Amino acid sequence: MDDNRLGDFLRARRAALRPHDVGMPSYGTRRVAGLRREEVAVLAGVNADYYTRLEQGRERNPSSQVIDALSHALHLDEDARAHLYRLAGATPGDRLPSRSTGRVSPALRQLMDGYPHTPAFVMNRTLDLLAVNALAQALYSAFTRADNLARMTFLDPAGRTFYTDWNRAAHATVANLREATGYEPDNPRLRELVRALTEHSADFARLWGSHTVGGKTRDAKHFLHPDVGPLTLTYQAFDVRQAPGQQLVIYHAEPGSPSAHSLRLLGSLHATRRQDHSPHTTE
């Protein structure tokens, strides 16, 4: 993974902007994409040499005032701004979250199992699926194994069919992982996952270089399940306060919709298969 994460992020976000995006005139021939360093420095109200040192990794701890100014200059949204704070070694609250844990509490597992008609699962920042309820297991049954959403998206052949809008899913997945690097840059699991994905997926390697940042909150997802066909589900993601880094994700279909009917059918099929494969005892 990157050694100069702060500088790489600033450079990538600078390259994504054009002068007209920030209300600046464009002069002369541009040898590189995006804004010039000097233009970002002017927009942020900082010394051009100081900004250059930030990008080059010779300065790694800007003040909160500089971070906010750069966030504004680079048109960062809240997720990207928070990521920039973490890369600089601080958060707006001046407190870094602790590393996520892989243990899901029994109470949370019980809560998930209490949603028999909607998929629910717990994941960590590296998108490992730590626990799934029965319907989530059925939802992801198209994959060879349901272990990590990033691996499933980029390395499992089923991902290209399962995610109807694969490009959108891929961008969101990479943005989630990039956010994780701000929280846990030295997490060996995260470093190994990024290495494997970069090595085996050209699409991931290309998207990873964009430094796009985003967390899970709420969105609609479109799936094509091999057993029940198209599904349109909306998810809500909730931070698990007792286990920093974990999120509980719950999907649901619009009541009375074709997707709601298909979801019930999927649950029924999965329950039947589990019953057929369970060991039978005779007296």
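Residue numbers start from 1 along each chain as its sequence is written, and side-chain values use heavy atoms, with hydrogens and water left out. Since this is a predicted model, local features need pLDDT of at least 70 and side-chain atom pairs count only at pLDDT 80 or more, while totals for chains, interfaces and linings use all residues.

**View 1. Helix α1 packs against helix α3.** Helices here are DSSP runs (H or I, at least four residues), and strands are runs of E with at least two, both numbered from the N terminus. Take α1 (residues 5-15) and α3 (residues 48-56): their axes sit 6 Å apart at an angle of about 115°. That makes the two helices roughly perpendicular, a label used for 65 to 115 degrees. The axes are lines fitted to C-alpha atoms over the stretch in contact, and angles run from 0 to 180 degrees between N-to-C directions. On the α1 side you'll find Leu6, Gly7, Leu10, Arg11 and Arg14, which meet Tyr51, Leu54 and Glu55 of α3; contact means heavy atoms within 4.5 Å. By class, that's four nonpolar, one polar and three charged residues (Ala, Val, Leu, Ile, Met, Phe, Trp, Tyr, Cys and Pro are nonpolar; Asp, Glu, Lys and Arg charged; the others, Gly among them, polar).

**View 2. Strands β1 and β2 make a hairpin.** β1 (residues 120-123) and β2 (residues 129-132) run antiparallel and share three bridges; pairing takes at least two DSSP bridges. Look for Phe121, whose bridge partner in β2 is Val132. Five residues lie between the strands, and Leu127 in the turn has a positive phi of about 70°.

**View 3. Here's the largest pocket, with about 490 Å³ of space.** A pocket is an open set of points on a 1 Å grid, with protein on both sides within 12 Å along at least five of seven lines, and lining residues have an atom within 4 Å of a point. Of its 25 lining residues, Arg125, Glu179, Tyr183, Asp239 and Gln247 are closest to the centre. α10 gives the most, with four residues. The lining holds 10 nonpolar, eight polar and seven charged residues.

**View 4. The largest cavity has a volume of about 100 Å³.** In a cavity, a 1.4 Å probe fits but cannot get out; volume is the space filled by probe spheres on the grid points, which are joined across faces, edges and corners. Among the 14 lining residues, Leu149, Tyr163, Thr173, Lys216 and Lys221 lie nearest the centre. α10 gives the most to this lining too, with four residues.

Notes:
Angles under 35 degrees count as roughly parallel, over 145 as roughly antiparallel, 65 to 115 as roughly perpendicular and the rest as oblique.
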